[in-house]
Amino acid sequence: MNWTDPAAIGYPAVFGGVLLGSIIPIVPTGAVVGAAAAVAMTTGHLSLPLVIVLATLGAYLGDVVTFGIPRLGSEAAFRWISRRQPAERLEKAREQFARRGWQLVVIGRLVPAGRIPVLLAAAALGYPWRRLLPAALGACVLWASAYAVLGIVSGGIFDSPVVATLLATVLVLLVTVLANLVARWRRKAQAGKTKEPV
């Protein structure tokens with residue numbers, strides 16, 4: 001392997017960074033995808049379609065592992081979750097997964113900080129593999145494409161790969177902060193509605 005070739009470093013960094021960040025959320029995976037897409041737009045070192053494919057695969061494998069570990073020990077996972085939640089809330093969550101589990105998996109992947117709680121809840125509640133696998137794949141394709149678009153935008157604005165990468169990273173962080181603020185606002189609004197007298 002030629003380590004002076006940016007592709008020899010870039011492709012494994014995209015796949016490995018997204019995979020690691022999808023299992024242990026210490027790597028900002030969206031920023032990795034956005035930055036790689038920006039480099040692909042401003043240089044000939046990386047292929048944009050390959051960046052999206054590798055990001056999708058890394059995210060997908062990470063999500064399968066995140067779901068699989070508690071799912072294989074689902075009784076213990078369910079006991080751990082049920083100690084923290086009332087029985088009626090768990091039953092409501094089970095019904096939601098039965099009715100629209102694939103939507104929850106997709107939304108959990110796209111909403112910052114939503115993926116791990118959704119996957120852990122799905123695993124603990126016994127959500128079937130045959131439903132999780134296609135839903136997670138679709139979610140990862142959407143996720144990788146969305147963050148690649150941020151890199152494409154920054155790469156289209158600036159010709160410099162360094163500036164485009166920095167802009168892509170800033171855009172990803174801004175989107176994450178805004179999504180978190182909207183999610184927090186919706187939770188507060190929902191909590192306010194439940195407290196209102198009937």
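Me: Let's begin with helix α6 (residues 115–124). Which residues in α6 are buried?
Reply: Buried means under 20% relative accessible area, exposed over 50%, and partly exposed in between (1.4 Å probe, protein chains only). In α6, the buried residues are Arg 115, Val 118, Leu 119, Ala 122, Ala 123 and Ala 124. Just after α6, Gly 126 takes a positive phi of about 75 degrees. Please keep in mind that this is a predicted model, where local features need pLDDT of at least 70 and side-chain atom pairs count only at pLDDT 80 or more, while totals for chains, interfaces and linings use all residues. Residues are numbered from 1 along each chain as its sequence is written, and side-chain values use heavy atoms, with hydrogens and water left out.

Me: What is the mean pLDDT of the protein chain?
Reply: pLDDT is the predictor's confidence in each residue, from 0 to 100. The mean for the protein chain is 78, and 67% of its residues reach 70 or more. Confidence is highest in α3, at 93, and lowest in helix α4 (residues 74–82), at a mean of 62. Where pLDDT is low, the predicted coordinates should not be read in detail.

Me: How many helices and strands are there in the protein chain?
Reply: Helices (H or I, at least four residues) and strands (E, at least two) are DSSP runs, numbered from the N terminus. Here you will find eight helices and zero strands. Of the 198 residues in the protein chain, 38% are buried.

Me: At what angle do α2 and α3 pack?
Reply: Axes are lines fitted to C-alpha atoms, for helices over the stretch in contact, and angles run from 0 to 180 degrees between N-to-C directions. Helix α2 (residues 29–42) and helix α3 (residues 48–72) pack at about 165 degrees, their axes 9 Å apart. That makes α2 roughly antiparallel to α3; the label applies to angles over 145 degrees, with under 35 roughly parallel, 65 to 115 roughly perpendicular and the rest oblique.

Me: Which residues make the contact?
Reply: Contact means heavy atoms within 4.5 Å. From α2 come Val 33, Ala 36, Ala 37, Ala 40 and Met 41, and from α3 come Leu 48, Val 51 and Ala 55.

Me: Is Pro 12 buried or partly exposed?
Reply: Pro 12 counts as partly exposed because its relative accessibility is 43%. You can find Pro 12 in helix α1 (residues 6–23). Pro 12 and Val 51 are 39 residues apart in sequence and 9.9 Å apart in space, C-alpha to C-alpha.
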